[in-house]
Amino acid sequence: NPLLTSKVNILINVLDVNEFPPEISVPYETAVCENAKPGQIIQIVSAADRDLSPAGQQFSFRLSPEAAIKPNFTVRDFRNNTAGIETRRNGYSRRQQELYFLPVVIEDSSYPVQSSTNTMTIRVCRCDSDGTILSCNVEAIFLPVGLSTGALIAILLCVVILLAIVVLYVALRRQKKKDTLMTSKEDIRDNVIHYDDEGGGEEDTQAFDIGALRNPKVIEDNKIRRDIKPDSLCLPRQRPPVEDNTDIRDFINQRLQENDVDPTAPPYDSLATYAYEGNGSVADSLSSIDSLTTEADQDYDYLTDWGPRFKALADLFGEEESYNSDRLT
């Protein structure tokens with residue numbers, strides 16, 4: 001007794017728990033040439049682990065089971081924590097398939113064992129004979145060498161403009177043609193109907209309809225067609241005798257009315273026209289109907305009032321009148 005004390009430093013080691021699976025190191029994307037040969041290594045990959053890896057940590061690489069059936073690519077493990085992506089086909093075509101996705105399984109050697117599946121993207125590119133990549137762009141499939149994206153956009157813009165111009169031109173032509181046809185239909189001068197056949201004349205009652213030439217008042221009163229010959233002809237009616245002092249106008253109107261209402265009166269395809277001179281002539285009517293009984297009762301003195309053109313006619317009838325008067329005396 002006295003009490004004695006001392007201080008001792010104790011070293012505590014924190015052991016790492018394998019809780020993170022290994023992952024593939026960058027890059028996650030690689031390229032393959034179209035002219036690649038089978039068994040060619042196109043990319044070497046490695047793994048990274050977020051755990052504190054102990055000394056001598058080993059990573060193994062293999063292809064996932066679902067991708068092992070007829071694979072286009074495979075994984076070759078070099079046993080030094082690296083692996084290579086190996087081709088399995090003789091050549092690749094960008095037109096058939098541009099991208100391939102390869103699932104790679106990486107596994108560590110710690111306890112407990114952790115593994116992960118990492119998908120690599122493999123793009124098919126155009127290369128030269130030495131394997132140098134020339135182009136991997138999408139538009140390079142359809143464009144010649146050296147044509148950029150800007151040139152492609154310019155070409156497409158020109159094509160769109162040309163198509164718009166063509167559509168506009170066709171629409172204007174159709175609209176103009178439609179307006180012309182409408183104007184032509186409205187213009188009565190263009191509505192000319194040409195008949196190339198001569199027809200059968202007055203006996204052809206089926207070619208033309210002469211009903212439009214009939215008197216409209218008679219058409220309303222009598223619905224019998226005059227342009228078709230009736231099936232049965234009736235005996236002609238007895239017309240009333242004409243009186244001696246009947247006026248010519250009344251006579252014509254009477255006969256016109258009888259022909260309009262009589263379906264058996266020929267002709268059947270023409271229009272009967274009765275002309276009447278009417279009043280207003282200086283010499284009155286020149287018809288022999290209702291003429292004076294004797295030529296001596298005629299007075300031709302009015303011919304002298306018609307001017308020099310009728311002087312010879314006035315002299316002729318004046319001499320005849322004087323001759324008739326001398327013979328009577």
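A disulfide is a pair of cysteine sulfur atoms within 2.5 Å. In this predicted model, a search of the whole structure finds two such links. One of them joins C125 to C136, with an S to S distance of 1.6 Å, which falls within the cut-off because a disulfide requires the sulfur atoms to be within 2.5 Å. The link of C125 and C136 has 115 degrees about the S-S bond and is right-handed. C125 belongs to strand β8, whereas C136 sits in the loop between β9 (133–135) and α1 (149–186), so this pair ties together parts that are eleven residues apart in sequence. C125 has a relative accessible area of 0% and is therefore buried, since the term covers residues under 20%.

A disulfide is also formed by C33 and C127, whose sulfur atoms are 2.1 Å apart. Its torsion about the S-S bond is about -85 degrees, so the disulfide of C33 and C127 is left-handed. C33 lies in strand β2 (residues 29–33) and C127 in strand β8; the pair therefore ties together parts that are 94 residues apart in sequence. Both C33 and C127 are buried. When the bonded cysteines of the chain are numbered in sequence order, the pairing reads 1-3, 2-4. A further cysteine, C158, has a relative accessible area of 47% and is partly exposed, because that term applies between 20% and 50%.

The nonpolar interior was examined next. In soluble globular proteins, nonpolar side chains tend to be buried together. The largest nonpolar core of the model has 22 residues, and those with the most contacts inside this core are F73 and I85. Two or more residues are given to the core by each of β3 (41–48), β4 (60–63), β5 (73–77), β6 (82–87), β7 (99–107) and β8 (115–127). Strand β7 gives the most, with four residues.

With neighbours within four places in sequence left aside, F73 is in contact with V32, I42, L63, I85, E86, T87, R88, Y92, Y100, L102 and I122. I44 is found in strand β3. Apart from residues within four places in sequence, the contacts of I44 are F78, T82, A83 and G84.

The side chain of T87 reaches the backbone oxygen of K37 at 2.5 Å. Not counting residues up to four places away in sequence, T87 touches V32, A36, K37, P38, G39, Q40, I42, N72, F73 and Y92.

Helix α3 (residues 248–261) was checked for its length. At 1.5 Å a residue, its 14 residues should span 20 Å, and the end C-alpha atoms are 20 Å apart, which agrees. The expected value is reached because 1.5 Å is multiplied by one less than the number of residues. Within α3, I252, R255, E258, N259 and D260 are buried. An α-helix has 3.6 residues a turn, so residues three or four places apart point the same way.

Methods
Residues numbered from 1 in each chain as written. Predicted model: local features only at pLDDT ≥ 70, side-chain atom pairs only at ≥ 80, totals over all residues. Heavy atoms only, no water. Core = buried A, V, L, I, M, F, W, Y, C linked by side-chain atoms within 4.5 Å. Buried < 20%, exposed > 50% of the residue type's maximum accessible area, 1.4 Å probe, protein only. Contact = heavy atoms within 4.5 Å. Polar contact = N/O pair within 3.5 Å; in protein donor to acceptor, adjacent residues only side chain to side chain.
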